[in-house]
Structure formats: C-alpha cells, structure tokens
Amino acid sequence: MVETPGSQSSLHRANLERVVRAVRMAGSLTQAEIARTTGLSAATVSNIVRELKQSGTVQVTPTSAGGRRARAVSLSGDAGAVVGVDFGHSHLRVAVGNLAHQVLAEEAEPIDVDASADEGFDRAEQLVHRLVAATGISREKLIGVGLGVPGPIDVETGELGSTSILPGWAGTHPRQELASRLGVPVYVDNDANLGALGEQVWGNGRGAGDLAYIKVASGVGAGLVISGQIYRGPGGTAGEIGHITLDESGPVCRCGNRGCLETFTAARYVLPLLHSSHGTDLTMTRVVELARDGDPGCRRVVADIGRHIGSGVANLCNLLNPSRVVLGGDLAEAGDLVLGPVRDSVARYAIPSAARQLTVVPGTLGGRAEVLGALALVLSEMGDATLLDPAGGSSHGAQVKGEPGTRRNRSASARAGASPEGGRRRTPVGAVVGFS
Ligand SMILES: [Zn+2]
C-alpha cells in the first residue's frame, strides 16, 4: 500500500513514531510529559499509549507527578537490549542496558588502549559476550552497540580522524571492526560527545536542550548538544575547545600551536608544575584528592585549571549561548574548588547576556558518563521501526530514512542479512546502521 503524506494512516504512524521517540530518548515520561514533548493532545497521547501497550512496545507503571497520581510510560524492558563500549586511554568499560533505560550489567577493566587496537577489540568482544550472557538476554534481542573512542571520528565514514591521539589504532576502522566481530550494528562517536549524551540522558544535563559537556583528561574536549542534538560538524571535530588559543607565546601544544587551553589544563602540562613541591608520581586524581584535603599547592593548581577552562567556556558561551555546562572527567570531583573559578572566569570574560542564563555544574556520572552515553547513542540512532515493525517490515523504509540521525546509517540490511539469526532478528531493514 502506498501511503500519501497527510493521509490518516501516515499521520497516525507519524504520531506513533513521535511518542516512541520521546520515550526512547527520555527513558520514562508521564503522559502529560509526552504531550508536552511531542506537541500532541492529551487524548491522542492516551490513545497511542494504549495502542503501544497492547502491542507490548511500552509498559505503563503508576507514579506521581507534582503530588498527583500519574502513569509513567517507558519502552518495554524486554523489547530489546543495547550495549555500550567505552575505550579510554587506560580503560575499557562495557555496559548492557534495556530499552527502559535500565543498566543490567556493567564492568570496567584497565587496559593500555593505545598499545594495540587488536588487543582492545579482543578484550571488548570478550567482555560484551560475558556481560550479555550474565544478563540472560538472548543475542537476537541485541539492537546495537554504541562505541566510544578517545579521538575524533569522521561522521560519514566512521574512521578515526587523528592517529596522533591513538597511534596503535592507525589504519583501523573501529565501527566496522566491532560490528563484524559482534554481528550487530555499531554506532561510534568520540568520548566527549558520548559524555555529553550520557549526562543529558542520564545525569546532570537532563532537561537542558543546549548544553556543553567539558571533559578534562589527557586532553580537553567538549561535547556540544544544540537544540537537543549532538553537534559534530562535517569532520566530527566540533567541540575541540582544548585548542582555543589562550596565550600566543605560551607552551607548544601537541597540535602545533602555542598556548592552547589544553596546555594550561591537561595533566601532562599541569602535573609538572607540582614536581618540585610534591614529587613526580602524581596523577590528576591524586591532585584533586589533595586539593580536597586542603593542600594549598594542589588547590592553587586546580583553581588555575578552573580559571583557564572558564576562559574557554566564556568563548563557547559567546558563540553558542548554552544554558548549561557540565564539567566531567576526574576534575569534576574537585567540586567548587574548580567550578568556582570556572564560574568566575565566565562572569569575567563572557558577554553578560550569554553568561546570565548559564549554569555550570559537575557531571554526576563520573567515569560512567561515556559508556552510558554509548547506550544513549544506540537509543538515539536506532530508529523507531525496530519497535514499530518488529517483523522486520520495510514498508516504512521511506519514513525511516527521513529520521534524524540516520544519515550515517547505511547498510543495516546487509548486516541483518549476514547475521546468523537472519530474518528472525527484530532488527528491521534500513532502520539501523551497519557499516559501509
Ligand atoms: Zn593545541
């Protein structure tokens, strides 16, 4: 059947998708919140929720909102499972979650990710298999894997943009590699973007449509959410806040410029400031601990980092006018010792109208932000056809293609066809990615 745009059935289908998408991204919403998010009337939402409940797509549980009884709508926990894989420079973290936004299993292990990409993928593959087995979820319920890597990812090709950051990964294609090992679609993004998604969906960025997540670790990066969407730029390098110039005659940065924000904030530049006074075996985590314990030298270093980050944030404010900045990474553990100076610099350097609406908050997810963001990435990109056409029907392919976030999703059909489960899998044609 060919549906004409504007016909009753295509309108109904569009409304179904709006409701499923809202719940998919938020985890759980009351019917009133669904109405607000989608712009649909309360009556329409009520009808659609009833229909989705009957088909087993959503579950409805009693809750309270503003002291009144309400019904919380979430996707059915057993409708499917998603996996997050986060490679840091020195750790691998994997989480398995369901579509109701519940994390069912999670584990991290130390690993020298830079040393060998092959070893990294081997370990990731093993850990994913082990955790999925531990949850008792059958493999055909797996909808996709979100993968975070600590480097810029080309949005179109999924290739790692800079091999100077991960030398052991030169020539690898992380999305394809993991997809062929696991036999499910893989979505990839850099760690700062995933941190932003993680905090937006699960943490301290909730409710903010325009936010920047600043991660200070071995480098400094920002994940930008603009009007509710991650902004990546065509080359995937948006948010490289670490290379804003603060001092033209400052130290030479790894990017080749001088005096980048990173040279005033990243561990490798900052820790040497404490070598003569505190010894050479410090880590950023330890500096933050000492600062919290009242060590004046470490407090000074943490405050200076905050001041410099604040300069970068002020630039970001003037350009993008976000409503919230979430500070992640180890440094967030310093709380107001770092956030105070960040706020001071923003007040000093940003134009008042941009600074006025901004709140600067610490991340609440700590080292889990990226792996939870990887789960959120799958939830964001999986499309609604997975849930609305469980038989794998492709009759709505045209609508699926128009969905946000699927422009880099190419060969789901090839992937689904190649998987051992073949057509039995719920994964529909055209809705999810694969790899080119
Ligand atoms: Zn630089």
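Modeller: Strand β9 (residues 211–216) and strand β12 pair in the parallel sense over 5 bridges, where two strands are said to pair if DSSP finds at least two bridges between them. This is a predicted model, in which local features need pLDDT of at least 70 and side-chain atom pairs count only at pLDDT 80 or more, while totals for chains, interfaces and linings use all residues. Residues are numbered from 1 along each chain as its sequence is written. Helices (H or I, at least four residues) and strands (E, at least two) are DSSP runs, numbered from the N terminus.

Strand β12 (residues 324–328) is largely enclosed by the rest of the structure, because 5 of its 5 residues are buried; a residue counts as buried if 20 or more other C-beta atoms, placed from the backbone, lie within 10 Å of its own, as exposed if 12 or fewer do, and as partly exposed in between. In a regular strand the side chains alternate between the two faces of the sheet. In β12, R324, V326 and G328 point one way and V325 and L327 the other, and all are buried.

Helix α14 (residues 369–381) is mostly covered as well, with 13 of its 13 residues buried. Its 13 residues should span 18 Å at 1.5 Å a residue, and this agrees with the 18 Å between its end C-alpha atoms; the expected span is 1.5 Å times one less than the number of residues. After α14 comes G383, whose phi is positive, near 80°.

Turning to another sheet, 3 strands form an open, antiparallel arrangement in the order β1-β3-β2. Here β1 (29–30) and β2 (58–65) stand at the edges with a single partner strand each, so one side of each has no neighbour in the sheet. Strand β3 (residues 68–75) is joined to β2 by 8 bridges, running antiparallel, and T63 has A70 in β3 as its bridge partner. Helix α1 packs on this sheet, touching β1, β2 and β3, and its direction makes about 95° with that of β3. Helix α3 packs on the sheet too, touching β2 and β3, with its direction at about 130° to that of β2. Two residues are in contact if their C-beta atoms, placed from the backbone, lie within 7 Å.

The two helices also meet each other: α1 (residues 8–26) and α3 (residues 42–54) pack at an angle of about 80°, with axes 10 Å apart. Axes are lines fitted to C-alpha atoms, for helices over the stretch in contact, and angles run from 0 to 180 degrees between N-to-C directions. The pair is therefore roughly perpendicular, the word used for 65 to 115 degrees, whereas angles under 35 count as roughly parallel, over 145 as roughly antiparallel and the rest as oblique. N15, L16, V19 and V20 in α1 meet T44, V45, I48, V49 and L52 in α3.

R50 lies in α3 and is exposed, because 12 other C-beta atoms lie within 10 Å.
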